[in-house]
Protein chains: 2
Amino acid sequence: MIVPIHLENSGVVEYDVTIDKLPKLHFDTKVAVVTNPTVSALHLDTLLNQIDAKELSVITVPDGEEYKTLDTVVNILDELFINKLDRKSILIAFGGGVVGDMTGFTASLYQRGIQFIQIPTTLLSQVDASVGGKTGVNNKFGKNLIGAFYQPKGVYIDTTFLDTLPQREFSAGVAEIIKIAVMFDNEYFNYLEKADLSDKKVLNEVIARCVELKANVVNQDEKEAGIRAVLNYGHTFGHVIENETKYKKYLHGEAVAIGMVMANVLANILGLITQNDMNRVKNLLIKHNLPIDYHINNVEEFYNKFFLDKKSANDKIKFILPHGIGNFNISNNIDKSIIIKALNQFSRIDKK
Amino acid sequence: MIVPIHLENSGVVEYDVTIDKLPKLHFDTKVAVVTNPTVSALHLDTLLNQIDAKELSVITVPDGEEYKTLDTVVNILDELFINKLDRKSILIAFGGGVVGDMTGFTASLYQRGIQFIQIPTTLLSQVDASVGGKTGVNNKFGKNLIGAFYQPKGVYIDTTFLDTLPQREFSAGVAEIIKIAVMFDNEYFNYLEKADLSDKKVLNEVIARCVELKANVVNQDEKEAGIRAVLNYGHTFGHVIENETKYKKYLHGEAVAIGMVMANVLANILGLITQNDMNRVKNLLIKHNLPIDYHINNVEEFYNKFFLDKKSANDKIKFILPHGIGNFNISNNIDKSIIIKALNQFSRIDKK
């Protein structure tokens, strides 16, 4: 599948997303693979067997969102300089979203930019992070606050890498699939309610449709000036949850799952979604073993953390809400009292 | 003057370069000015009088090439987060090339990119660094090795800021002007031989022509896949000189001046430039108090340092040489023995 990305200022870059067995990859340049110990132990041999390059190095970074920092990127950059990669060299991101985001960001920085390829090994990165060119790292102020829009040269999705993925991480990936369905495609959501994702053929179809829907959005708005913000459904809440739990308690997709439930509560108060549709989303999340609840200790504190989120231009919070299932609503003028009312539903100790 | 920059993948971004008194600047967003103590003490009041913004902060970074590091950029980023700049906020680079390169780079990184404006206060940054979108920092491996191609929203050149510029820094700026003339425009070079740059009217004309010639190059090749490399005349040698002297002995323009003399010696050996034209370049450099000599301690070591330079794809060194005055030659297949022969002319202790 060809994904055309309309770059700001009228350019278009196209890259190929294959959803199939990893093909043979030939390069007449130096190549550096960036991966983590977990993926490396399970699949590095498989990858290296497929690569033919002028010179090949492997750079291993620690596994986990807490290492998605500028320090780790600097370490990768240092390795590239030590291995004397040049401007024609290519980076390969081989791992999940953390590896992909950091590798893409490193590629954007090295000598002002070299090419990179995404070979995502988690469901979350296959359906979300690997397509669209968002790269970056977290810092003490929040998630993904430093980075670049930088498109890969290609994305290779091979679902056999998912065979070794822990069930919990697989589920976290499903959260992003559900997100896309709720925002953009009612039929796709209906299909998901019945789909058996342990069937590889079904899974490949589900991934293909998800990538297609996402690419269609990125395509219209690479730099998130408008519609791309819709992909942040569940994320405005989810980022605060991740921040409060120091990126340790929840996987990103899990925080997004809770975030979607929170966004739905807000949407329900505003009359945008029925109780019945809210329950359908909840049930689909539960079916995939995703968390749907979170205890907010301090509602006022939680609320204030929205304001660091980079989507909040000029001190207004932009909420991405469902409008039924398959449509979205963007609101940046919701009264604080209404938001607090929604948050309060997650703060009562006796609630559960 | 409108500078159109053809972005890779077919986009075009246009920005306005004014060469005139600094106009009144109105912003309906948050603005952060990045400057250094020297420029701040001399001209910050003048600048602030011209700016009208929703919220204005001033970030001061240490003065000097040795502070053009990722650490300084991280400090600027931290200030932006503390001041809660959002995606619509604007950075203003107010200073020389170091401030401009770091501010542009910071703008590219902050929340994956916000807009920035260049208000260059040195001749070098007015004629060179502020136009073309090269941003970045140095690291332990060399100069400008980490960065981004990131175009400013506008460039305001006001030569009254040069009234307080030390003569030595003014001369360093003239080196880049001479570079452009030698590479692209014989008539411009002839004009420079007679021009009195202490005359503001002449100076404005000289700057305008220089910016025009540079923009014309960037315009054809934003990311230095081809002709933009010509702007590195004198830089391949100059970077090694700066590296060997730890960025302390020479200003960038001074290292480039010596680098041009070295490139000319190599070009002369290859029959590309006559002794007479070499002398004309030397004399113009001398007229502007620029250094034309350097003692190479270890020719082999000097040679090896070329290979870290990012313009050297696949272990070949690309030399930008003059072909007479007003034309260039790009060579990436020069025998090591010939390069060594040229370098040897700068290594003999008894030479001076």
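A charge sits over a ring if NZ of Lys or CZ of Arg is within 6 Å of the ring centre and within 35 degrees of the ring normal. Select B:Arg112, which lies over the face of A:Phe149 at 5.9 Å from the ring centre. Then select A:Arg112, placed over the face of B:Phe149 at 5.9 Å from the ring centre.

The model is predicted: local features need pLDDT of at least 70, side-chain atom pairs count only at pLDDT 80 or more, and totals for chains, interfaces and linings use all residues. Residues are numbered from 1 along each chain as its sequence is written, chains are lettered from A and ligands numbered from 1 in the order in which they are written, and side-chain values use heavy atoms, with hydrogens and water left out.

Next, show A:Phe141 and B:Phe81. They form a stacked aromatic pair, 5.1 Å centre to centre with 20° between the planes. (Rings of Phe, Tyr and Trp, the last by its six-membered ring, pair if their centres lie within 6.5 Å; planes under 30 degrees apart count as stacked, over 60 as edge-to-face and the rest as tilted.) The pair crosses between chains, from the loop between strand 9 (134-139) and strand 10 (142-149) of chain A to helix 2 (residues 70-82) of chain B. Helices (H or I, at least four residues) and strands (E, at least two) are DSSP runs, numbered from the N terminus. Both A:Phe141 and B:Phe81 are buried, meaning under 20% relative accessible area with a 1.4 Å probe and protein chains only; exposed is over 50%, partly exposed in between.

Stay in chain A and select the ring cluster of A:Phe237, A:Tyr250, A:Tyr294, A:Phe302, A:Tyr303, A:Phe306, A:Phe307 and A:Phe319.

From A:Phe319, move along strand 12 (residues 319-322) of chain A. A:Phe319 and A:Leu321 on one side, and A:Ile320 and A:Pro322 on the other, are all buried. Strand 12 runs antiparallel to strand 13 (residues 328-331) of chain A, joined by 4 bridges; two strands pair if DSSP finds at least two bridges between them. A:Ser331 in strand 13 stands opposite A:Phe319. The two strands form a hairpin with 5 residues between them, and A:Gly324 in the turn has a positive phi of about 65°.

Last, display the open sheet of 7 strands in chain A, in the order 1-2-11-8-7-4-6 with mixed pairing. Its edge strands are strand 1 (2-6) and strand 6 (55-60). Within the sheet, strand 8 (residues 115-120) and strand 11 (residues 154-157) of chain A run parallel, joined by 2 bridges; A:Gln118 has A:Val155 as its bridge partner.
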